[in-house]
Amino acid sequence: MSAMTLTLRAAPAGRIDMSGVLPETLGGRTAGDIAAQTVRLDGNPVALGDLFAVTPGEAGAALLIRAGSGRLDCLGKGMTAGTLRVEGPAGHYAGQGLRGGELLIEGDAGDCAANGMQGGLLRIAGNAGDWLGAALIGDRAGMGGGVVAVAGDAGDRLGDRMRRGLILVRGKAGAACGARLLAGTLVVAGGCAGAPGPGLRRGSLILGRAPATMPATYNDAGVADLSWLGLLRRHAEAILPGVVPDSPRARRHMGDLACGGKGEILVPA
Amino acid sequence: MIINGVFIDDTYAEAFGMKATRIVITADSLTWARHAANAAFGFATSVIACGCEAAIECELSPTDTPDGRPGVAGLLFAVSTKELAKQLERRVGQCVLTCPTTAVFAGCEGEEPLPLGKNLRYFGDGWQMSKLIGGRRYWRIPVMDGEFLAEESTGLLRSVGGGNFLILARSRAQALAACEAAAAAIAQVPGAIAPFPGGVVRSGSKIGSKYKTLPASTNDAFCPTLRGVARSELGADVEAVLEIVIDAVSDADMRVAMKAGLDAVCAIGAAGGIVRLSAGNYGGKLGQFHYRLREILA
């Protein structure tokens with residue numbers, strides 16, 4: 001099955017909103033039809049064919065975007081099925097509202113990736129920006145399902161108000177990691193900057209390295225063998241190997257006691 | 001039909017449709033997984049008074065369990081979904097949750113979910129945590145040795161219960177030896193269990209009793225000590241009869257298990273004191289599944 005391919009003709013002059021450019025909407029259409037589809041460049045309508053060279057593919061085939069750019073926003077927005085692969089970086093809001101399928105970014109992703117994500121898999125081969133899986137201002141909750149796998153680092157406020165789902169980060173996370181987490185699981189193998197989990201309500205923040213300072217609003221619950229970590233590791237190994245610790249033994253810090261104290265930060269024992 | 005000197009009665013086992021489920025119990029060691037399973041599946045020989053029929057199906061290596069620890073798979077059978085759910089919750093709650101280091105997982109996908117940790121989670125008194133991993137929900141319930149991990153639900157299977165055959169032998173010891181061989185053969189069949197002690201029943205029953213309150217009573221036609229006073233099915237050469245009862249998750253599994261057990265007994269043959277093989281039925285009017293011995297052994 002031949003993939004649909006969009007090849008960026010030149011570095012964009014402004015930010016391009018790639019909403020609606022999905023394998024499920026483009027599959028099976030002719031090159032001319034696809035090229036006529038409208039996207040927005042700095043808010044102004046422009047034909048997709050003016051920005052990209054189009055190679056059509058069969059219905060159900062993967063969509064490949066060649067020579068991605070940090071100015072391509074909303075890649076994979078609302079996707080429900082199929083595979084969208086971006087050769088290069090992506091802009092902001094990658095995987096926004098993703099519901100199914102797989103979005104693969106073979107470079108860095110901008111801010112607010114996986115915002116409102118409900119399902120599917122978002123892979124970022126490089127680094128992710130700030131607010132990954134987080135709620136936007138005014139949103140009641142951030143990511144609500146699915147899996148995000150980041151091979152590099154993540155920025156500040158990783159998983160802010162995240163409601164459900166799993167985020168795996170092989171590198172480090174920035175400040176306020178897991179802030180206001182409502183539920184779900186965050187795994188950051190490389191540890192995080194500053195004090196993690198401010199305002200964390202429920203959910204699990206698993207750090208591969210203990211933070212330099214644990215917030216005063218977390219209490220040390222001691223070391224325990226947590227068999228669910230074995231389940232998580234088996235699941236995560238198929239997505240991003242080596243991120244979840246080998247051992248189910250972890251030190252548990254319960255908190256944030258200022259916000260109910262029913263969440264946890266787990267660090268290697 | 002005569003196989004290895006054993007006469008095969010031209011009769012059939014009459015079995016019933018049942019509801020079943022499979023669960024997987026893991027622990028830090030196989031010993032503790034077995035402790036939990038033996039407690040959970042104990043007193044589960046017959047639905048007549050135990051509520052369900054259950055037994056360990058097989059042992060599982062760490063590579064075959066969800067959490068990478070040693071474990072056992074067990075099957076539970078009941079006459080209704082409601083009763084199965086009740087028995088499952090009670091037995092897991094009292095025997096698995098209580099057992100050190102254990103965790104419990106669904107062992108099958110079914111046509112509908114059956115609560116496993118869904119209600120047991122309230123034991124956590126508000127400290128329980130839910131985890132959704134790979135599309136499956138688990139409950140982490142804080143207990144005194146750490147956490148009890150229970151998958152939210154398991155699957156409901158439409159299954160078959162009450163497959164059986166009777167071994168008629170020249171002596172009780174010979175009947176028992178044949179039963180041990182049959183039970184060992186059935187234990188190798190996936191999807192089937194023999195829920196009675198050691199897989200063997202000595203108190204085969206008939207429906208009804210002279211006492212109105214009893215739903216079942218001794219199968220006098222196969223009691224050797226009643227020859228001459230009751231309507232007996234036994235010849236002078238039979239000193240003891242033992243029964244194997246089988247529950248299986250499907251009709252096909254039941255047939256495989258029946259054949260495995262019958263073959264094991266026939267292999268012992270007349271030289272080992274086996275006189276006849278027969279089966280229990282109720283005239284064919286009660287059970288939806290009939291397993292003709294001669295058909296299975298053909």
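The model is predicted, so local features need pLDDT of at least 70 and side-chain atom pairs count only at pLDDT 80 or more, while totals for chains, interfaces and linings use all residues. Residues are numbered from 1 along each chain as its sequence is written, and chains are lettered from A in the order in which they are written.

**View 1. Chain B as a whole, with five helices and 19 strands.** Helices (H or I, at least four residues) and strands (E, at least two) are DSSP runs numbered from the N terminus. The C-alpha atoms of chain B fill a box of roughly 65 × 45 × 30 Å along the principal axes. Of its 298 residues, 46% count as buried, that is, with 20 or more other C-beta atoms, placed from the backbone, within 10 Å of their own.

**View 2. The two domains of chain B.** An automatic or database assignment divides chain B into domain 1 (2-14 + 160-297) and domain 2 (18-157), whose C-alpha centres lie 30 Å apart. In domain 1 of chain B, 12 residues are in contact with 13 residues of domain 2 of chain B, contact meaning C-beta atoms, placed from the backbone, within 7 Å.

**View 3. An open sheet of four strands in chain A, in the order β4-β3-β2-β7.** The pairing is mixed, and two strands pair if DSSP finds at least two bridges between them. The edge strands, β4 (44-47) and β7 (72-73) of chain A, each pair on one side only. Strand β3 (residues 38-41) of chain A runs antiparallel to β4(A), joined by four bridges, and A:L41 has A:N44 in β4(A) as its bridge partner.

Technical notes. Buried ≥ 20, exposed ≤ 12 C-beta atoms within 10 Å, placed from the backbone. Contact = placed C-beta atoms within 7 Å.
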